[in-house]
Amino acid sequence: MLWMKGWYETRIRLLVVAGATVLICAIASSDSTSANAGVSAQGLDATTLIGASVLAAAMLAGAGIKTQAGGFRPSKGLHGSMYYTLTLPVSRVHLLSVRASIGLIETALIHTLVCGAALIARPALRLTIPPADLLKHNIGAFFCVGAVYFLGVFFATFLDDYYQMMASLFSLLLLIVILNRMPLPASFSRLLLLSQASPLITHTMPWVGITALVALSATLFLFSMWIVKRREY
Amino acid sequence: MTQLAIETSGLRKSFKGHEALSGLDLAVPRGSIFGFLGRNGAGKTTTIRILMGLAKADAGSARIFGMKPADGASGAAIRRRIGFVTEDKELYPYMTVAEIIRFSRPFFPAWRLDLERRYLKVFDLPPNKKIPDLSKGMRSKLMLLLAISRGAELLVLDEPTDGLDPTAIEDVLRELVILSASDGMTIFFSSHQLADVEQIADHITIIDKGRAIVTGNLDDLKQQYQRILVTFADSVDTDILWVDGAERVRREGRTVSILSRNNVEAIVARATSLPGATVARRPVTLKEIFLDHVRTD
């Protein structure tokens, strides 16, 4: 039943995100001739569409265990109904886990859509990159998107939806700026799954980076559970 | 097995330096209809939030059926035995009446289908209507249905009659009495509607500034409390009527109104002995007990 509730609350959002993703990909596709000309040997620039997955992750991570509108019908008691949820005979950790799982599955769906759309938008990818490398790259990219998702879940435990999204994206932007400006140790490059450590370059599965991202995501989720268990509503 | 459904002892809670609860003691007997009264900001909702495990007390203890309200398995076990109606009566805006009933049912193994059907009919709830399209009164009724049908042993109701019209209030109060009498359900409810409380409660606690100031069996309290009206030919100093047992002494012109608890005869004797005094006594209503205790003038 909690899964049903989560689906009710996120279905409109998922639809909006999926629509936006298709639109972004369509725009990219219409510009495919010039894009194809610019595809590098590694095809890394084509993965800029992963940005759509990242945006989706930030949006789908909202709400924490608070209730979302689940539609276009305004309701001033949006968060008032969370008292009903919290007085169900279910632990808060269970509530958060179900909610986070639903969002993660939806994020995976959007990511798959984005990866498929990238192939359509940039036909040159299919010709220049071995499918196995592309698959590995997309799997690695999903773990990056997943970390952003869990950052969003973490923020959602104490921020409302819009602030949570802004906080997630601002944190990500800050990280990108830091990564671009600071000289990093050579060993750190193994964690950069969307650039230096991408299977499009290395042709191997980036296990070290994936492990690091899983650890980061797990840590963020553990912090989220810790906050949800302790906070007062 | 404890005979108390709810028990708090020395419960304290502060918010940003404001003390919402300052040592609240409560004892709610099983099977009682317990009225929890107080002005706005007296600490009623804070108490209910602590009891429901939504907030934590700074000090003191709270127990429901002898167990601490908390998160995790024990908290879930307690919540399975409690039906809760929140003050704002908010439910999921994307569900219909039928959908939220269907959603809630599987969480409660003791769900009472008979009560669900009965209250759908008694409260005249439209199954296919979306929750935002219901009036506040209808949402109150829906929340009551959801709380009652859980098969709960304890109902915690925060302003349950808020938003209801007089006929609906009568319906709800009647049903609460029936539930308490037939199922032995304990009903703990906060309300500003003193007439509602007086109509159905058998026990009450009045809280003010976060602590209980009057508590007990309602019939006993109404027997213990009496209003003594002393009218003087000339003006008089009210201090001389502060006899043991006089809880409030107020002058209204040449009449002195004394709310007394116990020791009534001694107060009457004292008043009668004063020169030019005419003494009358009468029973008090719950409203008088409440106002005399919480009024600051």
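Visitor: What do the buried residues of α10(B) pack against?
Guide: Within chain B, their partners are β3 (33-38), α7, β8, β9, α8 (218-224) and β10 (225-232). Helices are DSSP runs of H or I with at least four residues, strands are runs of E with at least two, and both are numbered from the N terminus. This is a predicted model, where local features need pLDDT of at least 70 and side-chain atom pairs count only at pLDDT 80 or more, while totals for chains, interfaces and linings use all residues. Residues are numbered from 1 along each chain as its sequence is written, while chains are lettered from A and ligands numbered from 1 in the order in which they are written.

Visitor: Which residues of helix α10 of chain B are buried, and why are they said to line one face of the helix?
Guide: In this helix (residues 286-294), B:Leu286, B:Ile289 and B:Phe290 are the buried ones. Looking down the axis of α10(B), these buried residues fall within an arc of 95 degrees, so they line one face. The arc is taken from the directions that lead from the helix axis to the C-beta atoms. An α-helix has 3.6 residues a turn, so residues three or four places apart point the same way.

Visitor: What is A:Trp3 in contact with, leaving aside its neighbours within four places in sequence?
Guide: Those contacts are A:Val98 and A:Ile102; being in contact means that the two C-beta atoms, placed from the backbone, lie within 7 Å. A:Trp3 belongs to helix α1 (residues 2-30) of chain A.

Visitor: How many helices and strands does chain A have?
Guide: Chain A has ten helices and zero strands. Of its 233 residues, 44% are buried. Among its contacts with a separation of 6 or more, 80% join residues 24 or more positions apart.

Visitor: How many helices and strands make up the secondary structure of chain B?
Guide: Chain B has ten helices and 13 strands. Its C-alpha trace spans about 70 × 40 × 35 Å along the principal axes, and 41% of its 297 residues count as buried.

Visitor: What makes β8(B) and strand β9 of chain B a pair?
Guide: Pairing requires at least two bridges found by DSSP between the strands. Six bridges join β8(B) to β9(B) (residues 211-217), running antiparallel, so they qualify as a pair.

Visitor: How many bridges join strand β1 and strand β2 of chain B?
Guide: There are nine, in the antiparallel sense, between β1 (residues 4-15) and β2 (residues 18-29). B:Thr8 faces B:Leu26 in β2(B). These strands too make a hairpin with two residues between them, where B:Lys16 in the turn has a positive phi of about 45 degrees.

Visitor: Into which domains is chain B divided?
Guide: An automatic or database domain assignment supplies the bounds: domain 1 (4-209) and domain 2 (223-294). Their centres, taken over C-alpha atoms, are 37 Å apart. Seven residues of domain 1 and six residues of domain 2 take part in the contact.

Visitor: Which residues touch the most other members of the largest nonpolar core?
Guide: They are B:Ala147, B:Leu155, B:Val156, B:Ile187 and B:Phe188, out of 85 residues. A nonpolar core is a set of buried Ala, Val, Leu, Ile, Met, Phe, Trp, Tyr and Cys residues joined through C-beta atoms within 7 Å. Helix α5 (residues 136-149) of chain B gives the most to this core, with eight residues. Both domain 1 and domain 2 of chain B supply at least three residues to this core. Apart from this core lies another, of 50 residues, including A:Met59 and A:Leu213.

How values were computed: A residue is buried if 20 or more other C-beta atoms lie within 10 Å of its own, exposed if 12 or fewer, and partly exposed in between; C-beta atoms are placed from the backbone.
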